[in-house]
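Hi,

Here is the structure I promised to pass on. Have a look at it first, and my notes follow below.

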Amino acid sequence: MLNDWLFIGIFLVLAPLFPALALIVPRIIAPRKPNPLKSETYECGIETVGNTWVQFRVQFYIYALVFLIFDVELVFLFPWAAAFDQLPLFAVVEGVLFLLILLAGLVYAWRKGALEWA
Amino acid sequence: MTALQVIFLITAVGTLGSALMVVITRNLVHAALWLVAALFGVAVIFVQLNAGFLAIAQVVIYIGAIAILMIFAIMLTRRVAQDAGPQTNPNWAWAFLVAAVLFGGLTWLLSAWSGFSTPMPEISSRADPLRQLGQALVSPNAYVLPFEVASVLLVTALIGAIMIAWDRKSG
Amino acid sequence: MGDPVTLIGKWLENLFFGWGLSAGLVSLIMAVVGVVVIASVVLVLDIFLVWVERKIVARFQDRLGPNRLGPFGLVQPIADVIKLLIKEDILPKGADRFVYNLAPILALATVLLLWAVLPLSSTIYGTNLNVGVLYIVAVGAISTLGIIMAGWASNNKYALLGAFRTVAQMVSYEVPMVIAMLVPVILARSMGLKDIVDAQRIWFLFIAPLPALIFLITSIAELGRAPFDLTEAESEIVAGYHIEYTGMKFGLFYAGELLHALTVGGIISTLFLGGWRGPGAETYPILGVFYFFIKAFFLYWVIMWVKYSLPRIRIDHMLNLNWKFLTPLSLAILIVTAILDKILPRSSEAIYALGMLAANVVVGWITLQLLRLNVRSERKRVAEPKPVAQPETSVAAVTSQTSSSSS
């Protein structure tokens, strides 16, 4: 099994090299004429006003949070699904119970209005 | 020095170095990215311990969800990414002393442990740890109760976080 | 004779052994060769994809597409690549140099990493990780991180806003996507992609059509392609998180997106369409590669078809679609599949397949009925008379009002 991961490890090391090569070539052959006007931040042709930080809405955080909860739940379910043929029916029902408890959580978030964008 | 040991040393140094950079760097978003590197190092160590599933779960949950949540939280609450305060605390000498004593004590304790020299039991190549984990999670004489309680815990965390983070009036 | 790739691999191995290298070093070199071959083939395919995209979008829009350079315009993508390579590399003011440069590398590298686990034929695959399906999710998670890095490092309000919205969309759609991925894992009893393809004597598309559809929709959302492309809505926030990227860096994002679409086609064909399976693919593995790419390109065409036919959907509609429709639906079909899998007899494939198919159809029909009820109540709510501001109808009324209020 370690051999499989060694392949992934080598891939992890080599895969960024291809796009890195694609970035190094322009560094060699492309013109470099830096100009303060060229490196201005883009704002549809006008000058930027104010700080770059936008006070962004808390809704983004709520979505990431709900995603986190479901992500952990799903990671728990993967071994359950992989061992499916050795599980008796009641073990499957236990897994379904796990899913239903989390579905209840989703319904709570829905009813509280936490999933609304506005 | 087997190849596995060399890889382990490189990974360990990388993880510890990234963890150190998390606390040293001035830029908060950089600190979050160094944390991602440290978490990835931990995943690589899991792989070397033959726990492939845990390594992938580490990447999916920690890097894919928790690191993103942290970066969102940083950008939600901080107006300026640079930390303007001093990097060190006036009590750093005491802290260093306590840390050194703790480190010395732990090293002394572990030096007497026999586990370093006993060879690890062989995991038979036929055994599939993933399936055994799956069975153990739902088997009544194994971990089914923690499994179900974990789901209740997750729902509780969800409800608590929504109550704290989201206010219906302000939206 | 049907498997030239394995033959070449064995020949190379014998060559290295003949040079007296140790077994460990030989396996390392073979792994490196395998990685380089897979990555190169995929990147060449990527350049070809630029041509495919432009020709097909042209046909959808009733025009010809590039046809000047080379026969049928085949040299066009090479010209595009050369143009991108010689463009000036501009670093925006205040941008974080290291993170700014790392983001496009991460965007393309994560797509390349996905090809390590896809089985191209019964004998040609990178590696049969026993956690292959979760590996795909993990690599997707790293690409999400790359987007935040791109948006933040550009030092641009619109890039940051675009990055947040993109990440919110990608992160939301990952939930039904992973739930839909659990269904082939249950049906094949393993998380390894090679095992999932090996278990598809009947394609999973026919046993579990609803999860396949959910996976297709959520993958299109994950790709950030229309109708879910509000994150790079050209008319609204210009280009989203890659506003400040020019030249080859933008090229990497763009090529990464196209390649990701093909990779998603490959993943769907592996999970639901039987991967490399086809007539004669077991005896001649090279045919397996052919079938795999046919299926992957067919799905790429379907994804493009959807892109060039549907308008962009609004962000609140998109998020409602995910959290209030796709997530409960995918959970429901997962529960139904899990329970039915234990009730239906595994011995008879026909009964098993038909039973699952019937369950999918029933769940789909129930969903449609619920949607109809929902639409009916929405229409009633919208049709209710609401108070409307009435303009003053005569000047006399206004003057009498003002005189009475002033007196």
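Which side chain makes a polar contact with the side chain of C:Asn101? That would be C:Lys249, at 3.2 Å (a polar contact is a pair of N or O atoms within 3.5 Å; within protein, one must be able to donate a hydrogen and the other to accept it, and residues adjacent in sequence count only if both atoms are side-chain atoms).

Before going on: this is a predicted model, with local features needing pLDDT of at least 70 and side-chain atom pairs pLDDT 80 or more, while totals for chains, interfaces and linings use all residues. Residues are numbered from 1 along each chain as written, chains are lettered from A and ligands numbered from 1 in written order, and side-chain values use heavy atoms, without hydrogens or water.

C:Asn101 sits in helix α4 (residues 97-114) of chain C (helices are DSSP runs of H or I, at least four residues, numbered from the N terminus). Because its relative accessibility is 17%, C:Asn101 counts as buried (under 20%, 1.4 Å probe, protein chains only). Beyond its neighbours within four places in sequence, C:Asn101 is in contact with A:Leu23, A:Arg27 and C:Lys249 (heavy atoms within 4.5 Å).

As for the interface, 67 residues of chain A and 78 residues of chain C take part. Between chain A and chain C there are 2 salt bridges (a side-chain nitrogen of Lys or Arg within 4 Å of a carboxyl oxygen of Asp or Glu). A:Glu116 and C:Lys324 form a salt bridge through their side chains, at 2.3 Å, N to O.

Cheers

Notes
Helices (H or I, at least four residues) and strands (E, at least two) are DSSP runs, numbered from the N terminus. Buried means under 20% relative accessible area, exposed over 50%, partly exposed in between (1.4 Å probe, protein chains only).
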